[in-house]
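Subject: Structure for you to look at, with notes

Dear colleague,

I am passing on the structure below, together with the notes I made while going through it.

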Amino acid sequence: METKLKILEGRLTAYQLSEALGIPMEMAQNLLNEEMTVEQLDETVKAKINGLETALFNQ
């Protein structure tokens, strides 16, 4: 099951995602370019991205 997140729709830069999630910028860019999916991330990063999504877009 693929997760679609608003946070990956280009509102944040690869640098911003990299810093917020604690991942390499290349990985963040791959997420934005849809060359990598959220499901491929480790559980810690998945939790961070879901928490950030909730904080930014589910108000």
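Is Thr-13 buried, partly exposed or exposed? Thr-13 is partly exposed, because its relative accessible area is 42%, where buried means under 20%, exposed over 50% and partly exposed in between, computed with a 1.4 Å probe on protein chains only.

The model is predicted, so local features need pLDDT of at least 70 and side-chain atom pairs count only at pLDDT 80 or more, whereas totals for chains, interfaces and linings use all residues. Residues are numbered from 1 along each chain as its sequence is written, and side-chain values use heavy atoms, with hydrogens and water left out.

The helix pair comes next. Helix H1 covers residues 14-21 and helix H2 residues 25-32, helices being DSSP runs of H or I with at least four residues, numbered from the N terminus. The two pack at an angle of about 120 degrees, with their axes 8 Å apart; axes here are lines fitted to C-alpha atoms over the stretch in contact, and angles run from 0 to 180 degrees between N-to-C directions. That angle makes H1 oblique to H2, since angles under 35 degrees count as roughly parallel, over 145 as roughly antiparallel, 65 to 115 as roughly perpendicular and the rest as oblique. On the H1 side the contact (heavy atoms within 4.5 Å) is made by Ala-14, Tyr-15, Leu-17 and Ser-18, and on the H2 side by Met-25, Ala-28, Gln-29 and Leu-32.

Two residues of H1 deserve a separate note. Ser-18, in helix H1, counts as buried because its relative accessibility is 9%, and beyond four places in sequence Ser-18 touches Ile-23, Pro-24, Met-25 and Ala-28. Leu-21, also placed in helix H1, counts as buried at 1% relative accessibility. Leaving aside neighbours within four places in sequence, Leu-21 is in contact with Val-45, Lys-48, Ile-49 and Leu-52; the C-alpha atoms of Leu-21 and Leu-52 are separated by 8.6 Å, although the two residues are 31 apart along the chain.

Leu-8 touches Leu-17, Leu-31, Leu-32, Val-38 and Ile-49, not counting residues up to four places away in sequence. In soluble globular proteins, nonpolar side chains tend to be buried together.

Finally, two exposed positions. Glu-34, in the loop between H2 and H3, has a positive phi of about 60 degrees although it is not a glycine, and Glu-34 counts as exposed at 58% relative accessibility. Thr-44 lies in helix H3 and counts as exposed at 52% relative accessibility; from C-alpha to C-alpha, Thr-44 and Gly-22 are 9.9 Å apart in space and 22 residues apart in sequence.
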